Structure formats: structure tokens, C-alpha cells
Amino acid sequence: MIARRYSLAAAALAALATLSSAGAFVPTPPAPRAALPRLHSTVEEAPTETANKNVDQIKDTSRDKVMTFSYDMSMEPKYEKPTYPGTGNGLSGDAGEYDIVVIGSGMGGLSCAALSAKYGSRVLCLESHIKVGGSAHTFSRIHEGGKYSFEVGPSIFEGLDRPSLNPLRMIFDILEETMPVKTYKGLGYWTPSGYWRFPIGSREGFEKLLMEQCGEDGPKAIKEWDALRERLRTLGGSTTAVALLNLRQDPGFLATTAGSLPFVLTHPDVFADLSLTFDDLSKTVDEFVTVPFLRNFIDTMCIFCGFPAKGAMTAHLLYILERFFEETAAFSVPIGGTCCLGETLQRGLEKFGGKLQLNAHVDEILIEDGRAVGVRLKNGNIVKARKAVVSNATPFDTVKLMPQTEDEPKGLTKWRSELGTLPRHGAISHLFLAIDAEGLDLSHIQDPAHLIVQDWDRSLQDSQNLCSFFIPSILDKTLCPPGKHVIHVYSSGGEPYEPWEKLTPGTEEYEAYKKERVEVLFRAVENAIPDVRDRLEFSIIGSPL
């Protein structure tokens, strides 16, 4: 229900955290637990003759392997929107004509729609779901008369509390919209060596962390970190000279990036490093970093884009190197839930005359003379687009909205064939917990967001090795009744879909497999709240189905 088969990971727009005072309390590491038993699941029962790479790769998740998942979508039937209880039937939406029609109200779609409306276009944004925001939305459950609200998508945001390099915050400012947040200055880590905390906004705090965690290699780790930052300093500086919001993939980038000219003139070496921007980050890390703790830390920073340093673009680290050590850097919790991200953009869209239609599923993008001229809705209505049709659906879903024809543009045919077997991330498992917080002391963890690593020798993409938990109610008291907490726990995106698609929701086998796969998520929270199962008000498991 929560993570759909081919959905792309929502852009996380930041991550990571901060070590506050020198005297911060460090909780005693929990007693070692027995290793998780090998799962008796459909993963192991899959016949070996199928040679399914998606499934086979999770049997050996050594650290040096990069996990990718590939599905031949060219063999699948025509896309039909699955209908889940509470998501709508997709049959709304009026006919009409606009300058720009945007498909999908995720962060990208809403940003495009709102900015286009601000600069004079007549805009319509169409959303299949009954809620705005894509993955950045919140759902609620009523339990014993109290309302509990849970996040389902990204939860770690940096730079939303003030004007910053965060593209989403830039768009809020352009639209002259505000979103209340509360900030925190750390990201908790629960690792084989115990608990530690990454400090955001403090270079001195990070160096102190390196000294504490690296022992006699502490000075060496600091030296290697400085060398890596120095190597990428010019490229990192370009992130302040050219806002991410200004980057584009057509000749128009010459106009949108013209403001960077003074930086380029004073840093001509940036041209020599341009190719490095999109190269594998591990090449540069291998050149400068040898201390294990530091290498592990860099991998966890990169995993927010779905891959460790091996497999991640250098560009992913540039923002972190440049921004995360400024004194003003902080993580943010949107008050009212991550649904407020979409609602803020919606306010901006409607303020400038744009329109949003929910429960309005697009069945087909209409193409005439080689260009998109509108869409056909699931209810049969036609919406014309004078200037453009913009899709915020995944590329895999978007291409299915354009039925193949003999006279279609060659570029579309090429795109269609290349997308057929394009590697992507696996699925994600979710666990939502509502707990009784009476007598619960959480002062030892300080922050809402935490990462848990079971084994540094295993892949950080392994959904049974790396996971996160987020307790927004530490800062946002509007999400649950007084004396309670809500917790969102989720795995890394390394869950293959094949074992799940053999199961039928609601059956005993399906329910047993769900519990099996999220046991590691329960254990993750027990690091910080050992009696979390005893405190449960209720729990919800979100599977890839």
C-alpha cells in the first residue's frame, strides 16, 4: 500500500545531524542481541532456475556491491491505476483548456505548476490521489477518540527554517509563502559500536566526533576529511554560485546560470572538475579517505540518494560539504506533518490563479504533430494544453501514458526502449507505531531522526541492514494526543518486489511475511525505547503492495 512497485524515491532535499554540547549524554549501548534468524521466506524458496537478479542479489549483500533492481516493463500490460481504499477512484476532473497542464502533485509537479502560475501562465495540476503532495503526505488514524498522524515519505529536511540553498525553501520564498517548522541539530546513529550523534552546523563538533570515534586515527580522519573537502572545494562553491533551482538540461541553462559568471571568472578550474560532478563519488573518496569510520559516515550521507558512495554521484556530497558545516544549518520538522509541504505549494499555486484537481487520473497524454497538446482523463474528459504538458509521474508511468504509434517522435521511441530495463531502487517497508509515552524519558536521544546500521560489512542498501526511525512528535505536539508519540520506521530501498507479488493481501501467508520483514524495524526502535512493544497503542505495517 505505502511503497508502490515502480515509484521512484521522493527527493529527500537534505539529511543528517549534529552533536550539541560537549557534555551531551551518550546512552549506554544496548546489550548485544542474537543475530536475526535467516528468513524462511519466498525469497529463499524461489527456484534457482529463474536466475532472478533482483532476488539473488539480496542473498549476498556484501559492502562492496551496489544493488540495483531492473524490471522489463515492455512486457507488461497497459498501465491501470490501482485503486486502494481511501485514495479515490480517479474519476474526477473537468474538461477545459490551459496554458500548462501538470500531471501529479508531488513536489516537482506542484513547484512547476505554482511557479508557472506566478509568471503568468494559466495552469492546471491534476492529481490521481485525494491528497496533495505525492510521497510527502500524512495519514491519520483515530484510536480511542484520539487522532494520530503519520508521515509516509521523506522526513529529514535541512534548510527549511530560513532562506537557504534548499531548492524547496527557495520556491517557498519566490511564492512568498511560509511554512511553520521546528528545528533540531542532530542525527542519531545506532551502529555496532554503539550510539553516536552527527553534528550539523559545527565543524568543531564534527572534528570532536571523529576524535571520539576513531581513537588514535582521529587526527588522521580529520586530515583526510579536510583533504576531501579541499579537493571538492571549487565544485562545492559552485553550489552557492549556481542555485540548484537554476539547473536545466536544455540550452536554456545558459540564461539561468548566467549569474554564476563572476564565480567562474575567479575559479576557472571549475571547468576541469565539471566531469567529476556526475562521476562516481567513491573514486574521489578512495583517493583521500582510508579511516573506516569516516568512510562509513560518508556512505550514510550518500545513502539518502539511494546508493552508498559507490554508485552515488559526487554532486550529492557537494551540498553537504558546503552547507552542513555552516552555523545556521539545522534540520526541520514541518508543524502539522510533511503534508504541509504540498499544502504550502498549493497555496502558492492558487494565490496566482492556478488550479488543482484531486482524484483526477490521467489515462493518456495526447500527442499531435510530435508534441503534447493535452490529456485524456480517466472519466473521458479532455484537457487541452496550449504550451506544454508536464509530467511529475515516474518516467516509467509517464511513457505508458503515450501509446506507441508509427509516426511518433524518434526521441520518444528511444526513450521508451531505454526505460524498459532501466535499473532503479527496490521497494521500502514501513512500520507505523503509536505508543504510550507515560514515564518515557527520551532526553538521551535529543533528536527525532535516527539511522540504524546492523553490520558495516553488509550493504547499506540491504533492507534488513539499514533502516531509519523518526519521532516527529518529540517536537510537533499536534500529531497525537498528549502523553503519546507517533513513530515512522522504514527500511532502505533494497526490498525486491518478486517475493511480495506472489502473495495475496489479507492471507495468512502475506500477514506472516509482513511481520517477518519488519521485525528488524521493531528492533531498530528498541535501541532507543527498549519497551516499545509494551507501550504500543497500535501499529500498522506498510508493505510494497
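Predicted model: local features only at pLDDT ≥ 70, side-chain atom pairs only at ≥ 80, totals over all residues.
Local features were considered at pLDDT of at least 70 and side-chain atom pairs at pLDDT 80 or more, whereas totals for chains, interfaces and linings use all residues. Residues are numbered from 1 along each chain as its sequence is written, and side-chain values use heavy atoms, without hydrogens and water.

The protein chain contains 18 helices and 18 strands (DSSP runs of H or I with at least four residues, and of E with at least two, numbered from the N terminus). Of its 545 residues, 53% are buried (under 20% relative accessible area, 1.4 Å probe). Among contacts (heavy atoms within 4.5 Å) with a separation of 6 or more, 74% join residues 24 or more positions apart.

Helix α3 (residues 107-118) packs against helix α4 (residues 167-174) at about 30°, with axes 11 Å apart; axes are lines fitted to C-alpha atoms over the stretch in contact, and angles run from 0 to 180 degrees between N-to-C directions. The two helices are therefore roughly parallel (under 35 degrees). Met107, Ser111, Leu115 and Lys118 of α3 meet Leu168, Ile171 and Ile174 of α4.

Helix α11 (residues 281-288) and helix α12 (residues 292-302) pack at an angle of about 165°, their axes being 11 Å apart. This angle makes α11 roughly antiparallel to α12 (over 145 degrees). In this pair, Leu281, Val285 and Asp286 of α11 meet Arg295, Ile298 and Cys302 of α12.

Methods
Buried < 20%, exposed > 50% of the residue type's maximum accessible area, 1.4 Å probe, protein only. Parallel < 35°, antiparallel > 145°, perpendicular 65-115°, else oblique.
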